[in-house]
Structure formats: structure tokens, C-alpha cells
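Let us walk through a protein together, one piece at a time.

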Amino acid sequence: MGDKTDLFHCDEKMLTYDAAVVLEKIVTGLKQGKLAASGENGPTCVELPRLAELEISFKEKSKPGKSKKKLSIELTWKDNDAPVGLDG
């Protein structure tokens, strides 16, 4: 089994406006084909493929008197997994 390494992790409470700013930076990186971030382990940059799998879910958990909502966005790909005919 291979090794897993956290290249970057963000888990903090912030204003939804500030969360939107972070997501906009991610969108810009996706459009440019690379994601850059700085965290506890220093700066990191990841080159992105032309094709990846996107999963989005919006969930709600309810209990009497309170509820919690969660938006999850996951983009996955395998290195060197470029489909034929998509270069260009």
C-alpha cells in the first residue's frame, strides 16, 4: 500500500465571504491548471490534469432544535491518467 501525504489542509472557521475568496483562488488555479497553497509545511504547487472527477454533495443533519448543513467538494485524479485525444 502506498504512502499518503497531506500536501495542504485547511480547517478553520471564517466568514462565508472569506470562504468565497479562498474558493475563488482555487477556481483561478483550476483554470490555470495548477493549484498553489501555503500551509504548515510551507508552500506547495500541484500540476493538474486536463480531466478529473468532480464530486459535490450538500447534506443536512437534523436533530430536534438544531440542524447542521455541509457542502463538500472533491476533485480527484490519478497522475499520468490523461485520456487519448484531449491534448490541445
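Arg50 is exposed, with a relative accessible area of 65%. Accessible areas come from the Shrake-Rupley method with a 1.4 Å probe, and for residues only the protein chains shown count as cover. You can find Arg50 in the loop between β2 (42-47) and β3. Arg50 and Gly33 are 17 residues apart in sequence, yet 7.5 Å apart in space, C-alpha to C-alpha.

A word about what you are looking at: this is a predicted model, in which local features need pLDDT of at least 70, side-chain atom pairs count only at pLDDT 80 or more, and totals for chains, interfaces and linings use all residues. Residues are numbered from 1 along each chain as its sequence is written, and side-chain values use heavy atoms, with hydrogens and water left out.

Now step back to the whole chain. The protein has one helix and four strands, and from the N terminus on they run α-β-β-β-β. Helices (H or I, at least four residues) and strands (E, at least two) are DSSP runs, numbered from the N terminus. How much of the protein is buried? Buried residues make up 3% of its 88 residues.

Next, follow the strands in pairs; two strands pair if DSSP finds at least two bridges between them. Strand β1 (residues 34-39) and β2 pair in the antiparallel sense over six bridges. They form a hairpin with two residues between them, and Gly39 has Gly42 in β2 as its bridge partner. β3 and β4 also pair in the antiparallel sense, over eleven bridges.

Is β3 tucked away or in the open? Of its eleven residues, the number buried is zero, so β3 lies largely in the open. As a general rule, in a regular strand the side chains alternate between the two faces of the sheet.

Patches are made of residues with over 30% relative accessible area and no salt bridge, where like charges are joined within 9 Å and nonpolar side chains (Val, Leu, Ile, Met, Phe, Trp, Tyr) within 5 Å. Lys59, Lys61, Lys63, Lys66, Lys68 and Lys70 form a positive patch. Here Lys and Arg count as positive and Asp and Glu as negative, while His and the chain ends are not counted. The place of a charge is taken as NZ of Lys, CZ of Arg, CG of Asp or CD of Glu. β3 (53-63) and β4 (66-76) each supply at least two residues of this positive patch. Lys59, for example, is in strand β3 and counts as exposed at 53% relative accessibility.

There is also a nonpolar patch, whose residues include Met14, Val22, Leu23 and Phe58 and have about 1,000 Å² of accessible area together. α1 (16-32), β3 and β4 each supply at least two of its residues. Which element gives the most to the nonpolar patch? α1 does, with four residues. Leu23 is in helix α1 and is partly exposed, with a relative accessible area of 41%.

Finally, look for charges that meet. Side chains of opposite charge can pair when their charged atoms come close. The structure holds one salt bridge, meaning a side-chain nitrogen of Lys or Arg within 4 Å of a carboxyl oxygen of Asp or Glu. The side chains of Lys69 and Glu60 meet in a salt bridge (3.4 Å, N to O). Glu60 counts as exposed, at 52% relative accessibility.

Note on methods:
Buried < 20%, exposed > 50% of the residue type's maximum accessible area, 1.4 Å probe, protein only.
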